[in-house]
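Subject: Structure handover

Hello,

Here is the structure I promised you. Please open it next to this email and follow along.

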Amino acid sequence: MGKILVTGGAGYIGSHTSLALTQAGYEVIVYDNLSTGRVDAVLPPARLVVGDLKDRDKLDKLMREEKFQAIIHFAASIVVPESVENPLKYYLNNTSNTTSLIALAVKNNIPNFVFSSTAAVYGMPEKVPVNEQSPLMPINPYGRSKVMSEWVIRDASFAHPDFNFIILRYFNVAGADPLGRIGQSTPDATHLIKVACQAALGLRESLSIFGTDYPTPDGTGIRDYIHVVDLADVHVLALKFLEQGKPSGIYNCGYGHGYSVREIIDAVKKVSGVDFKVIETGRRPGDPAQLVADPGKLLNEMNWKPKYDDIEEIVRTAYNWEKKLRG
Ligand code: UD1
């Protein structure tokens, strides 16, 4: 089994993927600047190298010394409203840094690259479920920084046929390691399931529903929530896929069905046993009514077998993690 460089491996999805990789027998070196990641999210035997993607000399040296067989690239800025206020941060930290990372990968003959992209590349899709051919119409700099990174990766692979990639477009990632070792730790996260768990634990006074007049059965937004452990497994599959010489490609990561905000709130209330306060407010700008993946390509081509496609299980693991964080 080979050695894998995981950028952003001290973060939420990166840490779960690093764990899945070590469990599959890979040797993992995490490269993370700890801007949002945590040292204790890097579980041994994975090793942590603290560094920034901007530090090309450090990365180049690491690649020369360690001779990685693949890179899984998570490290990025991901806060949509921040990307509107500070777009250059997003184009530098996401698009430019991805470009220089790929240049180094090509220079050091690292053949395989797995990239964290997002359903935000689709913007406000007119049709759901969304397949990979749906038009790319991102509506904010975060989404655009990821679309641009995708093009950099595709063009680099076209020009350098020994450089292969899998681009994974994540839908709404939630949940935590069922054994409670790692989870979503960002202190000011705005994601619905995390916020609802915090409300159930009394860490917030209430939860606001952003919009009750969407054209959905109960009027609230619908999302495709994928358990982070299933998503971590997709990265291992993607790596093996490339190792077997299968072609580069782009894959949506979701279950193919969604839950409304109200359904999520009901699930969190049921799992926690706490009837926390819910306030109905107006829509949040930029929120599509529905965002649901068509995961057919992933299921068929990579033979992905999700294990946690169960909203109560997602909520239970997220809630247990939130309880642990609270102490
Ligand atoms: C967000 C990002 C998306 C990113 C994804 C994963 C935005 C607009 N989108 O997705 O680009 O890829 O995270 O990082 O930021 N909601 C409430 N009350 C809350 C929080 C959320 O009603 O307190 C609703 C939202 O309006 C939405 C759903 O819950 O309908 C999910 O929201 P959220 O968890 O923030 O994720 P997204 O906005 O779908």
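Below is what I found, starting with the whole chain and then going to single places.

Please keep in mind that this is a predicted model.

**The whole chain**

The chain has ten helices and 14 strands. Its C-alpha atoms fill a box of roughly 55 × 45 × 40 Å along the principal axes. How does the radius of gyration agree with that of a compact globule? With 327 residues, such a globule would come out near 20 Å, and the chain has 19 Å, so the two agree.

Of the 327 residues, 54% count as buried. Look at the contacts with a separation of 6 or more: 77% of them come from residues 24 or more positions apart. The chain exposes about 14,400 Å². Carbon and sulfur atoms supply 53% of that area. As for charge, there are 35 positive and 37 negative side chains. The centres of the two sets lie 3 Å apart.

**Helix α6**

Now go to helix α6, residues 192-200. How many of its nine residues are buried? The count is nine of nine, so the helix is largely enclosed by the rest of the structure. Among these buried residues are Leu 192, Ile 193 and Val 195, but also Lys 194 and Gln 198.

Thr 190 lies in the loop between β7 and α6. Is Thr 190 buried or exposed? It counts as exposed, because its relative accessibility is 56% and the cut-off for exposed is over 50%. Thr 190 and Tyr 26 are 164 residues apart in sequence, and their C-alpha atoms are 33 Å apart in space.

**Two buried strand residues**

Arg 169 is found in strand β6, residues 164-170. Why does Arg 169 count as buried? Its relative accessible area is 2%, and buried means under 20%. The side chain of Arg 169 reaches the backbone oxygen of Glu 132 at 3.5 Å. Leave aside the neighbours within four places in sequence, and Arg 169 still has a list of contacts. That list includes Ser 117, Thr 118, Tyr 122, Glu 132, Glu 150 and Cys 253.

Asn 112 lies in strand β5, residues 112-118. Asn 112 is buried too, with a relative accessible area of 7%. Which side chain does the side chain of Asn 112 meet in a polar contact? The partner is the side chain of Asn 164, at 3.3 Å. Beyond four places in sequence, Asn 112 is in contact with Gln 69, Ala 70, Ile 71, Asn 164, Leu 242 and Glu 243.

**A residue in between**

Last, find Thr 99 in helix α4, residues 87-107. Thr 99 counts as partly exposed, because its relative accessibility is 34%. Where is Ala 156 relative to Thr 99? The two are 57 residues apart along the chain, and their C-alpha atoms are separated by 9.2 Å.

Best wishes

Note on methods
Residues numbered from 1 in each chain as written. Predicted model: local features only at pLDDT ≥ 70, side-chain atom pairs only at ≥ 80, totals over all residues. Heavy atoms only, no water. Helix = DSSP H or I, 4+ residues; strand = E, 2+ residues; numbered from the N terminus. Buried < 20%, exposed > 50% of the residue type's maximum accessible area, 1.4 Å probe, protein only. Polar contact = N/O pair within 3.5 Å; in protein donor to acceptor, adjacent residues only side chain to side chain. Contact = heavy atoms within 4.5 Å. Rg over C-alpha atoms; globule rule 2.2 N^0.38 Å. Areas by Shrake-Rupley, 256 points an atom, 1.4 Å probe, with all protein chains shown as cover. Lys, Arg positive; Asp, Glu negative; His and termini not counted. Charge placed at Lys NZ, Arg CZ, Asp CG, Glu CD.
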